[in-house]
Amino acid sequence: MRIKTFMVALCLAGIAHAQLVYKDASSLPLLGKATTHTLTRYERLPDSLEHISRAPLWELGRNSAGLAVRFRSNSTRIAARWEVRSNMSMSHMTDTGVKGLDLYCLLNGRWAFAGSGRPQGKSNEAVLVANMIPEEREYMLYLPLYDGITSLEIGVDTLSMLEQPAVRLPMNKEPIVFYGTSILQGGCASRPGMAHTNILSRWLNRECINLGFSGNGQLDLEIAEVMAAVDASAYVLDFVPNATVEQINERAEKFYRILRSKHPRTPILFVEDPIFAHTPFDTKMAREVREKNEALTALFRSLLQRGEKNIYFLSSEDIIGRDGEATVDGIHFTDLGFMRYARVLYPLLRRFIE
């Protein structure tokens with residue numbers, strides 16, 4: 001026993017002095033993409049939309065929200081070097097969430113937070129976790145929520161391996177596809193893993209595709225075509241915070257029909273506009289939320305009356321609780337808000353995928 005302990009200690013001491021070696025992540029599996037036909041690897045919309053989609057929508061599609069790299073390693077350290085597209089910063093969201101990385105490790109079938117990559121600017125390098133026993137582990141590395149990635153390398157000990165995952169989790173067959181707004185994109189999670197689509201992907205062990213576009217979840221029909229091209233287990237439509245009543249009345253059913261025409265039995269969930277924390281005080285906001293939710297409710301009831309099946313409706317009543325403590329600015333969620341929202345969605349989505 002003493003000899004074994006001594007050998008492990010000796011091994012750790014040797015690795016502690018080893019250099020990090022970086023390997024390009026482009027050969028590793030990438031989760032969270034609706035299509036592989038993108039201009040570069042770490043973006044979300046097909047290149048065919050570059051001159052079709054509205055300019056702000058296209059640019060947001062180049063953000064890496066919801067994307068995650070899967071790999072396996074026996075290194076005592078996991079590091080990363082990455083370069084972001086625009087070096088974006090926001091006053092109400094951490095840089096770690098905007099343009100940082102987030103590392104999770106699979107432990108006994110569950111994903112556990114292992115470390116974050118804190119950005120310094122456009123070009124970044126960070127050790128995400130260190131001082132581990134050198135044993136083989138499965139990892140998932142979440143990419144930035146509000147910036148894009150132009151390059152990504154993963155660093156491990158010189159004598160360690162960095163390989164393809166041996167475990168197919170989260171399952172990438174029949175992913176859940178989400179469409180929506182800045183909240184869906186991840187505003188304002190403190191780090192990428194705390195966006196609710198990423199939380200749900202870990203809890204359900206099912207790939208989730210994040211098609212959230214900050215300020216631009218306005219029912220652009222080409223996004224419905226992108227979603228419909230994915231053989232999904234469920235579609236979640238969470239566009240109401242960005243869409244006007246007129247857009248809901250004019251486009252929402254067309255958007256739905258594009259999905260339904262290709263997937264006649266797939267569950268489709270409509271989500272109401274959240275009751276934001278400041279609506280008891282802001283009468284204009286309260287009226288807008290009420291009118292938009294009424295428009296969505298009218299559409300949903302109309303679809304039911306016309307015999308549509310496998311459609312579901314999520315009320316905004318308890319999405320983020322009623323204590324007013326789940327947002328940064330009255331609208332965008334904190335980690336608490338995202339966790340509460342994930343808990344509401346989890347039983348519904350679990351039923352859909354089962």
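1. Let's start with helix α5, where His196, Thr197, Asn198, Ile199, Leu200, Ser201, Arg202 and Leu204 are buried. Please keep in mind that this is a predicted model. Eight of the nine residues of α5 (residues 196-204) are buried, so the rest of the structure largely encloses this helix. Just after α5 comes Asn205, with a positive phi of about 50 degrees.

2. What does α5 pack on? The open sheet of five strands, ordered β12-β11-β13-β14-β15, has parallel pairing. At its edges are β12 (206-212) and β15, each of which pairs on one side only. From one strand to the next, the twist averages 20 degrees. Helix α5 packs on this sheet, touching β11 (171-180) and β12, and its direction makes about 170 degrees with that of β12.

3. Strand β14 (residues 268-271) pairs with strand β15 (residues 311-314) in the parallel sense, over four bridges. Within this pair, Phe270 stands opposite Phe313 in β15. To get from β14 to β15 the chain passes through helix α8 (residues 283-305), and this β-α-β crossover is right-handed.

4. The other sheet to look at is an open one of four strands, in the order β1-β9-β4-β7, with antiparallel pairing. Here β1 (20-24) and β7 (123-129) stand at the edges with a single partner strand each, so one side of each has no neighbour in the sheet. The twist in this sheet averages 25 degrees from one strand to the next. As a reminder, strands of a sheet pair through backbone hydrogen bonds, either parallel or antiparallel.

5. If you want a residue pair to click on, Val84 stands opposite Ile149 in β9.

6. Now for the nonpolar side chains. Which members of the largest nonpolar core touch the most other members? Of its 43 residues, they are Ile176, Phe178, Leu200, Leu345 and Leu349. Leu200 is one of the buried residues of α5 from the opening point. Helix α9 (residues 335-353) gives the most to this core, with seven residues.

7. Leaving aside residues up to four places away in sequence, Ile176 touches Leu204, Arg206, Glu207, Cys208, Ile209, Ser233, Ala234, Val236, Leu349 and Ile353. A second, separate core has 38 residues, among them Phe213, Phe239, Leu303 and Ile311.

8. Finally, the chain as a whole. The chain has nine helices and 15 strands, and 56% of its 354 residues are buried. Among contacts between residues at least 6 apart in sequence, 78% join residues at least 24 apart. Along the principal axes, the C-alpha atoms fill a box of roughly 75 × 45 × 45 Å. How does the radius of gyration fit a compact globule? For 354 residues such a globule would have a value near 20 Å, and the chain has 21 Å, which agrees.

Terms used. Residues numbered from 1 in each chain as written. Predicted model: local features only at pLDDT ≥ 70, side-chain atom pairs only at ≥ 80, totals over all residues. Heavy atoms only, no water. Pairing = 2+ DSSP bridges. Helix = DSSP H or I, 4+ residues; strand = E, 2+ residues; numbered from the N terminus. Right-handed = clockwise from strand over helix to strand, strands pointing away. Axes fitted to C-alpha atoms, helices over the stretch in contact; angles between N-to-C directions. Core = buried A, V, L, I, M, F, W, Y, C linked by side-chain atoms within 4.5 Å. Buried < 20%, exposed > 50% of the residue type's maximum accessible area, 1.4 Å probe, protein only. Contact = heavy atoms within 4.5 Å. Rg over C-alpha atoms; globule rule 2.2 N^0.38 Å.
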